[in-house]
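Open the model in your viewer and keep the sequence panel beside it.

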Amino acid sequence: MKPRPALYVGSVNRPICRTNFVGSFISCGPIKCYPNGYNPTHSEIAKDFLTNFADLNGEAKYINILQDVANRKTKAVQIELEDLINYKDLDEEFLRRVTENTRRYIGIFADAIDELLPEPTEVLLDDDHDIFMTQRAEEATENAGGSDPQKKMPPEIKRFYEVYIKASSKGRPFTIREVKASNIGQLVRISGIVTRCSDVKPLMQVAVYTCEECGFEIYQEVTARVYMPLFDCPSEQCKLNHAKGNLLPQLRASKFLKFQEAKVQELAEHVPKGHIPRTMTVHFRGELTRKVAPGDIVELSGIFLPIPFTGFRAMRAGLIADTYLEAMSVSHFKKKYEEYELGGDEEEQIARLAEDGDIYNKLARSLAPEIFGHEDVKKALLLLLVGAPHRKLKDGMKIRGDLHICLMGDPGVAKSQLLKHIINVAPRGVYTTGKGSSGVGLTAAVQKDPVTNEMVLEGGALVLADMGICAIDEFDKMDESDRTSIHEVMEQQTVSIAKAGITTSLNARTAVLAAANPAWGRYDLRRTPAENINLPPALLSRFDLLWLILDRADMDTDLEMARHVLHVHQAKESPDLGFTPLEPSVLRAYISAARKLSPAVPRELEEYIASAYSSIRQEEAKSNTPHSYTTVRTLLSILRISAALARLRFSEYVAQSDVDEALRLMQMSKFSLYSDDRQRSGLDAISDIYSILRDEAARTNRMDVSYAHALNWISRKGYSEAQLKECLEEYAALNVWQIHRNTFDIRFIDA
């Protein structure tokens, strides 16, 4: 039997029968590879592709990228597999090998780029790297005659760019559980949630040493996480002189890469029942570092590779190796508001939406359209997503712009569903429950790092939701000691820690959305609101809106809701709203555009807002059982809600209508209680509307009241326009006031 020749892999001069964890794994089959890693046909194909591939506009896509690399505008050359598939002159065999033996083909593309890299078209300032390379090139030409073979410079040290091969975006990405041993060495695409990220550290790629005896410069390529430094000079001169020259590491001349390690966990929907989520280690190098943060849901493409255990773990592991994914591209499922780059079509769509007079209602009704009613609650949640601008004063004091909302209501009024939907719409959101969250679980915990054995801070839910939304369900079930940890976050927006020798302050610029049940499970109308709500005043005053949702028996409403629920169950979509609800992606794009504005309150509105705030305080002082706890924070809440409404209109200034809507939302949040109070006082709706209009006219000392003002006053108390018109007609017949025929303005008749 004829002996089979050893098959060589990549540029590493080892037969494949040995375990080569560092290099790539070549696919089985009749592939001809050369010991020095040079494959002429594939190298030529790579060069041909980079030179001739044209994008949809007919421009040479990769030549333009290489020009940007030469001009130092970019450091990453990302070769898309989609482009390789669409390239007409490419054979399928080459494509298959690129996907199955990606690590080696990155080297082939890098060699091709070295040859094709054009001269810079812009004047560049010399940095340290350029000076070193110029000096080395001069030395190489001087010693060209009798140069030492070991003095050859590796190509990696000359490169100031990185090559990535991005997987095709077609088809469904793998779950972590589906990536098997058969995928080793291949380009795979996975989705998951990032649970942990290390700091970015320098990873040595080429170590450079200088000999003390002969001045010989030696290069050592580092291809693994661990390497053995050289100590003796291997130059011909030192061997000839029988001198063991001492090697000095030259860190300035060595090449380092940015390196970051992350843990990615399976998404909850991908975990089979009865199993726990699996995790995978991901290595990010170069320009891909700092692209992900804990809590991000991402789609990664990369090379699935093995890595041997080192040190004491290697003795215990034996032949078993660990695996990791070397990342080639990162894409986020939900972009941050700041990262949104609107295309031409999206800008047109948002401009059209902004011109729509009813956009506020449409956006609110597009939130969870499957949930019946709760129009005003959805409006408040929309404003929570939009938020108000943060104010920073000259002396460094900060005034928060995030809105905090608490939904308190009877069981079965869809509080948790609303919370879940808001977390899905928001680009960054964390959902947690009160009983399952401890104080440190919400703020920050001190833990021992498994890699370094140092004490490190692990951010909790509120820290992970920084610049996003933290939804806390079952807020009333939390222990009092745990709930106090939220106080600082809700106003100062920081988490202060003094534990285990670590004293620091972490950012938690998050909007808190809490859902709770009243004290006795359901709202007890025989008790006061303060007894039912059962939250400390210090916490209540921090919520901009405390929404009380009572489940009342009402024949018409219950019938309508039952039909809505049945339709959703049958059709798996909401009934017709009169317009097409906006997709969450469109909502995010609109909100991201709105959040760029920073509306100011004009001087002419200052007195109006001040008088509105003082009247709320007076009403509360007169009431025996006040429904809310009004402080100066309430005034700030009015300003925040008004600014959020102005942002939705893409306006630079807050209008009076914004302030009126903010006051209306504050009144509507306790609407179910006001209707109950009116029933107790024995007033019917018409009489109550008359008393509201008379009191407001007396307070402002006016005999004439405009219809718009009257409608605003009564809508705050929860009455409709139809009831106002009925009241106007009834009291006009009694000659209490006169009504303008066209404008419906009111003039009181002085009796």
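**Stop 1: helix H23**

Select residues 632-648. This is helix H23, whose 17 residues reach 25 Å from the first C-alpha to the last, close to the 24 Å expected at 1.5 Å a residue. The model is a predicted one. H23 is mostly covered, with 12 of its 17 residues buried. Colour by accessibility and the buried set includes Thr 634, Ser 637 and Ile 638. Two arginines, Arg 640 and Arg 647, are also among the buried residues of H23. Next, step past the end of the helix to Phe 650, which follows H23 and has a positive phi, near 55 degrees.

**Stop 2: helix H24**

Select residues 656-668, which form helix H24. The end C-alpha atoms of H24 lie 18 Å apart, which agrees with the 18 Å that its 13 residues should span at 1.5 Å a residue. How many of the 13 residues of H24 are buried? The count is 11, so H24 counts as mostly covered, given that buried means under 20% relative accessible area. The buried residues include Asp 658, Asp 660, Glu 661 and Arg 664, along with Val 659, Leu 663 and Met 666.

Two packed helices are described by the angle between their axes and the distance between the axes. To see the contact, show side chains for Gln 656, Asp 660, Leu 663, Arg 664, Gln 667 and Met 668 on H24, and for His 709, Asn 712, Ser 715 and Arg 716 on H27. By class, the contact of H24 with H27 has two nonpolar, five polar and three charged residues.

**Stop 3**

Are the two partners buried or exposed? Asp 376 is buried, with a relative accessible area of 15%, and Arg 664 is buried at 12%.

**Stop 4: salt bridges among the strands**

Side chains of opposite charge can pair when their charged atoms come close. The salt bridges in the model number 23, and two of them are visited here.

Select Glu 287 and Lys 258, whose side chains meet in a salt bridge at 3.6 Å, N to O. Glu 287 sits in the loop between strand S10 (279-285) and strand S11 (297-308), while Lys 258 belongs to strand S9 (residues 255-265), so the bridge ties together parts that are 29 residues apart in sequence. Glu 287 is partly exposed, with a relative accessible area of 27%, and Lys 258 is also partly exposed, at 34%.

Now move to Glu 326 and Arg 285, another salt bridge, at 3.9 Å from N to O. Glu 326 is in strand S12 (residues 321-332) and Arg 285 in strand S10, so this pair links distant parts of the chain, 41 residues apart. Glu 326 is buried, with a relative accessible area of 8%, whereas Arg 285 counts as partly exposed at 23%.

For a network, select Glu 93, Arg 96, Arg 97 and Glu 100, which are linked by salt bridges.

**Stop 5: loop residues**

Select Pro 581, in the loop between helix H20 (555-571) and helix H21 (584-594). Pro 581 is partly exposed, with a relative accessible area of 26%. Arg 365 is 216 residues from Pro 581 in sequence, with 7.3 Å between their C-alpha atoms.

Glu 474 has phi near 50 degrees and is found in the loop between strand S19 (469-473) and helix H16 (480-483). Its relative accessibility is 28%, partly exposed. Phe 744 has phi near 65 degrees and lies in the loop between strand S25 (737-739) and strand S26 (746-748). Phe 744 is partly exposed, at 34%.

Terms used. Residues are numbered from 1 along each chain as its sequence is written. This is a predicted model: local features need pLDDT of at least 70, side-chain atom pairs count only at pLDDT 80 or more; totals for chains, interfaces and linings use all residues. Side-chain values use heavy atoms; hydrogens and water are left out. Helices (H or I, at least four residues) and strands (E, at least two) are DSSP runs, numbered from the N terminus. The expected span of a helix is 1.5 Å times one less than its number of residues. Buried means under 20% relative accessible area, exposed over 50%, partly exposed in between (1.4 Å probe, protein chains only). A salt bridge is a side-chain nitrogen of Lys or Arg within 4 Å of a carboxyl oxygen of Asp or Glu. Contact means heavy atoms within 4.5 Å. Ala, Val, Leu, Ile, Met, Phe, Trp, Tyr, Cys and Pro count as nonpolar, Asp, Glu, Lys and Arg as charged, and the others, Gly among them, as polar.
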